[in-house]
Each structure stands twice: as structure tokens, then as C-alpha cells.
Amino acid sequence: VHTLTPSPTLPRKRGREMRAQCSAPHVAAHDRAAAHTAATGRERNDGNACTRTDTCQAGEGVSGIAPSTTICRAKDGVKLAMVGFSNDDLPTLINPAGLPPFHVENSTASVNAEAARLARRTDAVVAMGHLGATAGTLTAPTGPLVDLADAVSNVDAVIGDHTDFQVLTTRPNGVLVTENRSKGIRFTRVRVVVNTATKSVVYKTADFHKPWNIGVTPDRRIQA
């Protein structure tokens, strides 16, 4: 996440990049974690607007698995929320005995419910989970991931997975959508720019890359 701080004398804006990691459990792309969707989250914080003691705020979901994680940057008070989701047919993809105490609800409805709650207290919302595109092209994909992205509200970007399909597009509703090829053969960098004066998202972009092993000595144990 980048933040823009308006200058009182110059029309130019200075960008700052947010880098933060949460130690609290989160649901970004983990199926069991994302199956929390019936849970109602409550943020953990110390009562202040945004301080270093609540850099990471997680909703209190089922068995300690939160429906979302909020990353707070104390320098300028910008808050980024990450919402998890998973396949609606998850019980058919894994051993259903491994789901309890979680259960699966409609992914789009669950993302919208959590995003609506977070929109009142955060500056940007990204939904990340295990739905993918199944047909189409890089910039005009189709499939469950796209269906979700087209139907969400209060969400700035949707990051998918699961189908080994490269996606990078902005949908008609303004939601940025990405998905990578599987098994580490591609990675994507997503940038969300927030104006610190208005606490609103003013720009979103992404770019995907092919990892290289140039100059890296192969691990003999893996090669064997």
C-alpha cells in the first residue's frame, strides 16, 4: 500500500509505501481459515485511532481464526483490511471431516458483509482467497473469481488463486482483480495508493513477474 501526502505548496504528491506483517492468525489464502465465513469479527485494539500497539488488528472468529486482518500504519493512520474467502464447493475439494468447527457460506455474501463492516473503519479493503478464473484471457477473464469481483462492494482489489490462470484486469465496478499461475511460476505485485488527506483510494495497479533462479546455486538436497 502506498500513501499520498498532499503538499501545501506543490501540486505534486509524495508517495510512501506501507510494509507491515501481522502475527495474528489471518485467512488470506488458507482454505480452513477462509471457511470461517459465518463468524462475526471484532477488532482487537487499544482504543486509540491508530497506534503502534495495534499495528495488526484481527477479527475474533471461530477457534482463533479471524475473518479479516487490519494492518495499521501509525505514521499516517492509514489502515488496510485483508478479507479472506474460499471456494464455495470447499467441502467437495477436501475431506469434509476436516472443516468443523467451521462451515462454508456463500463467498460473495461473506466478503460483502465483512467489507461493509470494515469500510467504516479502514481506508482500503483487499479480498484474497481461493477462487479462480476458468476461461477467457488475461484482461477479460471469466469464472468464479470474476463473478465474485463483479458482485462485491466496499472492496478495492480481489486476489484469487486455485485455477492456474493468469489474471490482471480492472472490472467495470472499479475492482482490481489478479490471479497467478500456480506452483510459483508467476508472482504479482499489487499497489493500492491512499490519499492521507482524504483517507481514500486514488489509484490501484498490479504487475506480474516470472521468478528467475539466475545466480542461485541449486540446493543439492532438493536436486537429489
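Trainee: Is Asp150 buried, partly exposed or exposed?

Mentor: Asp150 is partly exposed, with a relative accessible area of 35%. Buried means under 20% relative accessible area, exposed over 50%, and partly exposed in between (1.4 Å probe, protein chains only). This is a predicted model, in which local features need pLDDT of at least 70, side-chain atom pairs count only at pLDDT 80 or more, and totals for chains, interfaces and linings use all residues. Residues are numbered from 1 along each chain as its sequence is written, and side-chain values use heavy atoms, with hydrogens and water left out.

Trainee: What does the side chain of Asp150 meet in a salt bridge?

Mentor: Its partner is Arg171, at 2.7 Å from N to O. A salt bridge is a side-chain nitrogen of Lys or Arg within 4 Å of a carboxyl oxygen of Asp or Glu. Arg171 is buried, with a relative accessible area of 17%.

Trainee: How many salt bridges does the structure hold?

Mentor: The structure holds five. One of them joins Glu114 and Arg117, with the closest N and O atoms 2.7 Å apart. Glu114 counts as buried because its relative accessibility is 7%, and Arg117 counts as buried at 12%.

Trainee: And what is the average pLDDT of the protein chain?

Mentor: The chain averages a pLDDT of 78, and 71% of the residues score at least 70. This score is the predictor's confidence in each residue, from 0 to 100. Over residues 5-48 the pLDDT is below 50. Where pLDDT is low, the predicted coordinates should not be read in detail.

Key:
Contact = heavy atoms within 4.5 Å.
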